[in-house]
Amino acid sequence: MQYVPFGKTGISVSRLGFGCMRFPSRTENGVTVFDEDESIRMMQRAMDLGVNYFDTAPGYCETKSEIIVGKALKNCRDKVYLSTKNPIENASGDDYEKRLETSLTKLDTDYIDFYHFWGISLETFNDKVMAPDGPMARAIKLKEQGVIRNISFSFHDKPGNMAEIIRRGEGVFSSLLCQYNLLDEALVEDILFAKEQGLGVVIMGPVGGGRLGAPSQVIQDLLPGKVKSSAEAAMRFVFDNPNIHIALSGMSSMDMVEENAAIADSIAPLTADERSRISDMMQENKRLADLYCTGCNYCMPCPQEINIPEIFKMMNYHKVYSLTDYAKKQYAEIGKSPWMKYENAAACVDCGLCEEKCPQKLQIREQLRNTHEALA
């Protein structure tokens, strides 16, 4: 396993972090049951392979993740770095502390190494985190007491706002967690700024939330002959960014632990030619995707409750990136998953309102029919 200094924290971290949000599970009588024993074995195997950074959160694995992680790390707590998160529901410092106490109990520990304001936007940071005697004031107090070793935040907002949160934090933050991968480089400048300010940078979704883990010859051809899978190409792309310290992988099987650890153990910098090839190919793929749909949302709302941009994004995964298996699985979830409460392309009634609003003048109705034919 390769290690790097983690910003200005004074510690060294493994390049691969264990994301504890996808533990193995099964369904019994409509209820999700997580395999606690196998999850613990996976984490212990990861430690054997050199992983020393474990990231969880109160809501992961239907609120079971922190409990499982606590059991796995109980006898080696001083050898690993534990990250969890506080969902900033309001500006109350008391509520912030109560949520922290709940996590400490579940994790069976008396301190958190990296404690994140969870998924904050600039607006949330200004209005809630920085409120008088609010979450930030309490975090600073708890850090002085040693309950929190490092104050961190995870980010889900538009480019530019991450750097602004760092500025307004005025040196309080030790690290951050954000998204960056082959399909989403939007935060690359913010990541550079974070590194320059001495923050440790952790990446979630290095394989695009599973998208880039699906078989794709297009993705593997970015590094022809040098990678065995799409996931390896995606991980190598993230590891090659010198401003990134840790890539979190949400691992759900022992095979994934072994594969990701092997990738992190054999990281080699990309050559100038490889970087140029990846850049050129991804720019061309982005151009092709934009010809199909730029995701501007001008076509919305659809009176038939079809989420046109999201459906076309799935078609782009299939048509442009050859991530067909992933695209079909996503399409099949429309109307079933709680975060996909809309209709699929078959609900189109040919009204044409979307085409009247589309700035690209796309033949949306025809593309919806093509999408349904390809992915249904």
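I searched the whole structure and found 19 salt bridges (a side-chain nitrogen of Lys or Arg within 4 Å of a carboxyl oxygen of Asp or Glu). I noted that this is a predicted model, where local features need pLDDT of at least 70 and side-chain atom pairs count only at pLDDT 80 or more, while totals for chains, interfaces and linings use all residues. Residues are numbered from 1 along each chain as its sequence is written, and side-chain values use heavy atoms, leaving out hydrogens and water.

**Entry 1: pairs of charges**

I started with Glu 258 and Arg 45, whose side chains meet in a salt bridge at 2.7 Å, N to O. Glu 258 sits in helix H10 (residues 254–265) and Arg 45 in helix H1 (residues 36–48), so this pair ties together parts 213 residues apart in sequence. Helices here are DSSP runs of H or I with at least four residues, strands are runs of E with at least two, and both are numbered from the N terminus.

Next I looked up Asp 350 and Arg 369, which form a salt bridge at 3.2 Å, N to O. Asp 350 is in the loop between helices H13 (324–332) and H14 (353–357), and Arg 369 is in helix H15 (residues 364–375), 19 residues apart.

I also found a network of salt bridges linking Asp 94, Glu 97, Asp 133, Arg 138 and Lys 141.

**Entry 2: helix H6**

Which residue meets Glu 164 in a salt bridge? I found Arg 168, at 2.8 Å, N to O. Glu 164 is partly exposed because its relative accessibility is 23%, and Arg 168 is partly exposed at 36%. My cut-offs: buried is under 20% relative accessible area, exposed is over 50%, and partly exposed is in between (1.4 Å probe, protein chains only).

Buried residues of H6 (161–169) include Met 162, Ile 165 and Ile 166. I saw the buried residues of H6 pack against strands S8, S9 and S10, among other elements.

**Entry 3: the strands beside it**

I checked S9 and found seven of its eight residues buried, so S9 is largely enclosed by the rest of the structure. S8 and S9 run parallel, joined by six bridges; S9 and S10 are also parallel, over three bridges. Strands pair if DSSP finds at least two bridges between them.

I traced S9, H6 and S10 as a right-handed β-α-β unit: with the strands pointing away from me, the path from the first strand over the helix to the second runs clockwise.

Note on methods
Contact means heavy atoms within 4.5 Å.
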